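Morning, everyone. I have one structure to show you today. Please have a look at it first, and then I'll walk you through.

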Amino acid sequence: MERVVDSINGKTVAVVYGAEQIELSTAAGRLSRSGQLRRLAKRDGATHLLRAVGADSGHETWWLGQAGVSFAAAIEAWAMTEPDVDDVVVLVPLDDRMYVAELDGGEVGVEMVIGEKLLPEQFQAWRGRTVRAFEGGSLGYVLEGMVAREPLPFGLRSMVYRPAVFALCAAGLFAPAQAVAVTVVVVAGASWQFYAGWREDAVGEAVQAAQAAREHAAALQGDFSAAAVLRGFARLVWDKSCLVLHRGGLRQASFSGGFEIVLDGVAEGYPKGAEQYADAHGGSVVVSGEAWQVTRVVGWGPQLGSVVGIGGRRLAANLYEIADFPRAQIAGTMPVPAGPAEERSFSVRVEAPTRRDFELLATGVEDLPYRVAAVSCTFEDYLAVACDVSIVAKGELQ
């Protein structure tokens, strides 16, 4: 699963692609469907869900992704009503990149978001297949002479991922964060049968109790994404594809939350390597004199869950323990209470870091409510000099 932030005619759009799908029978119990969806979402690091109901009302398709829109879901819905599109390639230009969907049997089998320079190569790969391009963002001009553009037959923002808890509730499925509220409503409903004269007061009390339950559950929601971010950052920065950046004078790699990694360097001459890397990975590059900067979108996102039973002090002690290796230095701040929970910020500095060091940190924070606020690594002569990692832990107030 990937998520790229671009724009269409100047309006920002976040496109989620390569997301996992699951088809469920509506005949299955609600608790069964809800549990299956939540388990798969946790496994895939999906924080948002999208529900698509086709012509067969006995089944529903769920897409597991992040905040954003799904072009693939919109394309598949269109393909169900359009003849002769079972095996076509669909192009939708954004302002800076090109969205590509390859259909197989009316379903999107391959999705990608590529830069302008890779288009000719892709058209060679699509030789013998029907390619259809639609109106979209300003990059559409590059398709002139390649394929005629058609008016959009579907809404690009028609299939939107919703936060998992809201998507489940909207579909009538059980969501854990709403458990207390549901119980209150059920109890209130039973009360109304026996105390009809108190209906108005009971409604008001139920609403207040439900609101209080929602606020309490929200206060105990934590982000469990630190392990995924640490592994993802290390996998990207120590990947062989970065050698071209090292040859071009890579000096720093940084992540400041959100969905982007920034790679900075100073080249001797024109930074051709930075351009090659950006083109290959759908990134953008800015050149200023000998300095260059590549921005690459990553697919990491929040992984929310309850911190009930996980104390803030335990999280602090755990982080000091896993960061206890010779090249690491750790410092923490005093806890900041937030209702029934507390947050603690920590800075971990690792001298001469390796990918293995990041893996050790990731393993130590696995399935625990830590989030990575920032990472910054400096490089010199192909080697990492030092990395600074900012981690925030959220646990129950003790």
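Predicted model: local features only at pLDDT ≥ 70, side-chain atom pairs only at ≥ 80, totals over all residues.

The protein has 398 residues, and 47% of them count as buried. There are eleven helices and 22 strands. The exposed surface comes to about 19,700 Å². Carbon and sulfur atoms supply 52% of that area.

Now contacts. Take those between residues at least 6 apart in sequence. Of these, 66% join residues at least 24 apart.

On to the inside. In soluble globular proteins, nonpolar side chains tend to be buried together. Here the largest nonpolar core has 51 residues. Which residues have the most contacts inside it? They are F233, L245, L263, F358 and Y370. Helix α7 gives this core its largest share, eight residues. There is also a second, separate core, with 34 residues. A19, A52, W63 and L156 are among them.

Let me pick out Y370. I'm leaving aside its neighbours within four places in sequence. Its contacts include D223, F224, S225 and A226. They also include L315, N318 and L319, as well as I391, V392 and A393.

Next, helix α7, residues 226-237. How far apart should its ends be? At 1.5 Å a residue, counting one less than the number of residues, its twelve residues should span 16 Å. The end C-alpha atoms are 16 Å apart, so the model agrees with that expectation.

Is α7 enclosed or open? Nine of its twelve residues are buried, so the rest of the structure largely encloses it. A residue counts as buried under 20% relative accessible area. The buried set is A226, A227, V229, L230, G232, F233, A234, L236 and V237. You have met F233 already, among the residues with the most contacts in the largest core.

Last, the cysteines. A disulfide is a covalent bond between the sulfur atoms of two cysteines. This structure holds one. It joins C377 to C387, with the sulfurs 1.9 Å apart. C377 sits in strand β21, residues 370-380, and C387 in strand β22, residues 383-396. The two are ten residues apart. The link is right-handed, with 115° about the S-S bond.

Are these two cysteines buried or exposed? C377 has a relative accessible area of 0%, so it is buried. C387 is buried too, also at 0%. C242 is another buried cysteine, at 1%.

That's my tour. Over to you.

Conventions: Residues numbered from 1 in each chain as written. Heavy atoms only, no water. Disulfide = S-S within 2.5 Å. Helix = DSSP H or I, 4+ residues; strand = E, 2+ residues; numbered from the N terminus. Buried < 20%, exposed > 50% of the residue type's maximum accessible area, 1.4 Å probe, protein only. Contact = heavy atoms within 4.5 Å. Areas by Shrake-Rupley, 256 points an atom, 1.4 Å probe, with all protein chains shown as cover. Core = buried A, V, L, I, M, F, W, Y, C linked by side-chain atoms within 4.5 Å.
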